[in-house]
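Please read these notes with the model open beside you. Each point takes up one topic.

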Amino acid sequence: MPPPDNQQILKTDLLEDAVRIARAAGTLLKERLQTDFSVHYKGEVDIVTEVDRAAQDLIQDQILQKYPDHGILGEEDLDLHGASGYVWIIDPLDGTTNYAHRFPVFSVSIAVAFEGEALCGVVYNPMSEEIFQSVLGEGASLNACPIRVSGTDRLDRSLLGTGFPYNIRATTDTNLGYFGEFAVRTQGIRRCGSAALDLCFVAAGRLDGFWELNLKPWDIAAGALILREAGGKTTDFTGRPLGLDGSRVLATNGRIHDEMLQVIRGSSGEGQDRD
Ligand code: 2AM
Ligand code: CA
């Protein structure tokens, strides 16, 4: 449901602020990339850098300066409730593993939601200076040019994206099974390391589909909206529409969605070479 008229902030105004804030955070990420930042382990593989936290602090400050009654959900232990019903869902650095290795593929992801529905979203790649953005019902763009999903309608002509969970060493839900199934049925699979960018690449027609397990709201909130507004489809692995809290994500140009679902249904997702 949209917010009541007396509380309604124009979605385009929210997007303008989200873009401004994403640019500021992206600039910070780029400036600090070659510096000697510290890296901490959240798990055996899952890391966080001091730059993740600095970017999140910057985003939080800028949101609250203008919207003190808005909530914020962010990856680095940030869950602020606000009276307005608006919630900003942010990943200050999507692609932390890449960042920590100075592999220059990462993004800032910011969406604004109201009662569980994303109203607008932006994903910014500061290294390529690409800004993907969208307002609900108004299409999607890349650096202000409208984008559309690809026309590829066969899995065997498709280029797909995916990623692997941080707990891959500890779980049987490794994604290696799906990876094996898709590897022999497509033209190729790319593993870029930022789920937000993967979703935008499907939106822009650079990839035809993407799947991943264990994603969190901040990984997908902006990218999934951008993809749907570019004509794509997002579901869980059973074909049900993807909510903001969906963790098993299938995101495609729409045309290869059913074929991908069939492959997923026929595979356990577990690697053949693991216990
Ligand atoms: P991150 O870099 O912000 O942590 C890599 O496959 C992509 O999935 C990245 O977007 C990464 O986000 C995310 N990701 C991988 N494993 C995850 C996990 N266990 N929880 C949350 N996000 C994860
Ligand atoms: Ca992150």
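1. Start with the lining of the largest cavity: K42, D46, I47, D52, E75, E76, T96 and Y166. A cavity is a set of points, on a 1 Å grid over the protein atoms alone, where a 1.4 Å probe fits but cannot get out, and lining residues have an atom within 4 Å of a point. The lining divides into two nonpolar, one polar and five charged residues. Here Ala, Val, Leu, Ile, Met, Phe, Trp, Tyr, Cys and Pro count as nonpolar, Asp, Glu, Lys and Arg as charged, and the others, Gly among them, as polar.

2. The largest cavity holds about 30 Å³ of space. The count is one cavity of 30 Å³ or more. Volume means the space filled by probe spheres set on the points, with grid points joined across faces, edges and corners.

3. A word on the basis. This is a predicted model, where local features need pLDDT of at least 70, side-chain atom pairs count only at pLDDT 80 or more, and totals for chains, interfaces and linings use all residues. Residues are numbered from 1 along each chain as its sequence is written, chains are lettered from A and ligands numbered from 1 in the order in which they are written, and side-chain values use heavy atoms, leaving out hydrogens and water.

4. Next, S194. Where does S194 lie? It lies in the loop between β12 (188-190) and α5 (195-203). Helices (H or I, at least four residues) and strands (E, at least two) are DSSP runs, numbered from the N terminus. S194 is buried, with a relative accessible area of 0%. Buried means under 20%, exposed over 50%, partly exposed in between (1.4 Å probe, protein chains only).

5. The side chain of S194 makes polar contacts with the side chains of D94 (2.7 Å) and S107 (3.1 Å). Such a contact is a pair of N or O atoms within 3.5 Å; within protein, one must be able to donate a hydrogen and the other to accept it, and residues adjacent in sequence count only if both atoms are side-chain atoms.

6. Now the rings. Rings of Phe, Tyr and Trp (its six-membered ring) pair if their centres lie within 6.5 Å; planes under 30 degrees apart are stacked, over 60 edge-to-face, the rest tilted. By this rule there are eight aromatic pairs. The ring centres of F164 and F179 are 5.4 Å apart and their planes at 55°, so this pair is tilted.

7. Ring pairs also link F37, Y99 and F106 into a cluster. Both Y178 and F237 are buried.

Methods: On a 1 Å grid over the protein atoms alone, a cavity is a set of points where a 1.4 Å probe fits but cannot get out, and a pocket is an open set with protein on both sides within 12 Å along at least five of seven lines; lining residues have an atom within 4 Å of a point.
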